[in-house]
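Keep the structure in view while reading.

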Amino acid sequence: MNGPRMTDIKNILVLRPRALGDVLMVTPVLRALHRQFAGVRIDVGVDDTVAAILDRNPHITHRWLFPRRRPRRWQDWLPIYMGIPRVGYQMVIDLHGSARTAMLTLFSGARYRVGYRLRGRRYAYNLVIPRDTDRTGQRRMIYAARNNLEFVARCGVTGEPLEDTRLVY
């Protein structure tokens, strides 16, 4: 599959649930998506324990709060698994790559499902990206925010938004 057609995109979901620092490193991606897809709804799936870092982020519309506090029950996840498909996302970007985020990506019903090429998870994605590679496909160890921007470059984000690695908090 080639990159998505921009005119098809009305709703985007970005999944990056865990670790405060990792969620913070996604904020340049949210800005780049906001600039590239003007007027598009951009939602984020994030663990409830780190969601506060996105409270003042002007580039997102909604946060799906994943339950991390104990005790967790399957009933805690039911509104998420039922709610995400109802939104009608055209694109889901899984920047985490866990079994759970892969499943959420698959169940979203999105036309464009983007994720890392990881064993046992590729079934969920129709645009698969090797981990730690730049947009030319070269494997490189780079700053996490830059790596995330390289990831979305393969989703149709182009130009100046890809150069801004400033964090939003």
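Ala19 is partly exposed, because its relative accessible area is 38%, and exposed would require over 50%. In this predicted model, Ala19 sits in the loop that runs between strand E1 and helix H1 (20-24). Its phi angle is near 65°, which is a positive value in a residue other than glycine.

Ala52 belongs to the loop between E2 and E3, and with a relative accessible area of 55% Ala52 is exposed. Ala52 and Lys10 are 42 residues apart along the chain, and 25 Å separates their C-alpha atoms. Ala153, in contrast, is part of helix H5 and counts as buried at 17% relative accessibility. From Ala153 to Val29 there are 124 residues in sequence, but 9.6 Å in space from C-alpha to C-alpha. Which residues does Ala153 contact, leaving aside its neighbours within four places in sequence? They are Arg135 and Leu162.

| Residue | Relative accessible area | Class |
|---|---|---|
| Ala19 | 38% | partly exposed |
| Ala52 | 55% | exposed |
| Ala153 | 17% | buried |

**The sheet**

Six strands make up an open sheet, and their order across it is E3-E2-E1-E4-E5-E6. The pairing is parallel. The edges are formed by strand E3 (62-66) and E6, each of which pairs on one side only. On average, and ignoring direction, neighbouring strands of this sheet are turned by 15° against each other. Strands of a sheet pair through backbone hydrogen bonds, either parallel or antiparallel.

Strand E4 can be followed on both of its sides. On one side, E1 and E4 pair in the parallel sense over four bridges, and Ile12 stands opposite Met91 in E4. With E5, E4 also pairs in the parallel sense over four bridges. Here Val92 is opposite Arg113 in E5, and Ile93 is opposite Val114 in E5.

Which residues of E4 point one way, and which the other way? Met91 and Ile93 point one way, Val92 and Asp94 point the other way, and all of them are buried. In E5, five of the five residues are buried, so this strand is largely enclosed by the rest of the structure.

**Helices lying across the sheet**

Helix H2 lies across strand E1 (11-15), strand E2 (41-47) and E4. The angle at which H2 runs to E2 is about 165°. Helix H4 lies across E1, E3, E4 and E5, and runs at about 170° to E4.

**Helix H5 and its cover**

Is helix H5 (residues 144-153) mostly covered or mostly uncovered? H5 is mostly covered, with nine of its ten residues buried. Among the buried ones are Arg146, Asn147, Glu150 and Phe151. The cover over the buried residues of H5 includes helix H2 (27-36), strand E4 (91-94), strand E5 (112-116) and strand E6 (127-129).

H2 is therefore worth a separate look, because it is part of what covers H5, where buried means under 20% relative accessible area. The axes of H2 and H5 cross at roughly 35° and come within 8 Å. This crossing is right-handed. On the H2 side the contact is made by Pro28, Val29 and Ala32, and on the H5 side by Ala145, Asn148, Leu149 and Val152. By class, these residues are six nonpolar, one polar and no charged. An α-helix has 3.6 residues a turn, so residues three or four places apart point the same way.

**Helices H3 and H4**

Helix H3 (residues 74-87) packs with helix H4 (residues 99-107) at an angle of about 40°, and their axes are 8 Å apart. H3 and H4 are therefore oblique to each other. Trp77, Ile80, Tyr81, Ile84 and Pro85 are the H3 residues in this contact, and they meet Arg100, Met103, Leu104 and Phe107 in H4. Which classes do the residues of the contact of H3 with H4 belong to? Eight are nonpolar, none is polar and one is charged.

Technical notes. Residues are numbered from 1 along each chain as its sequence is written. This is a predicted model: local features need pLDDT of at least 70, side-chain atom pairs count only at pLDDT 80 or more; totals for chains, interfaces and linings use all residues. Side-chain values use heavy atoms; hydrogens and water are left out. Axes are lines fitted to C-alpha atoms, for helices over the stretch in contact, and angles run from 0 to 180 degrees between N-to-C directions. Helices (H or I, at least four residues) and strands (E, at least two) are DSSP runs, numbered from the N terminus. Angles under 35 degrees count as roughly parallel, over 145 as roughly antiparallel, 65 to 115 as roughly perpendicular and the rest as oblique. Contact means heavy atoms within 4.5 Å. Ala, Val, Leu, Ile, Met, Phe, Trp, Tyr, Cys and Pro count as nonpolar, Asp, Glu, Lys and Arg as charged, and the others, Gly among them, as polar. Buried means under 20% relative accessible area, exposed over 50%, partly exposed in between (1.4 Å probe, protein chains only). A crossing is left-handed if the near helix is turned anticlockwise from the far one by less than a right angle, and right-handed if clockwise. Two strands pair if DSSP finds at least two bridges between them.
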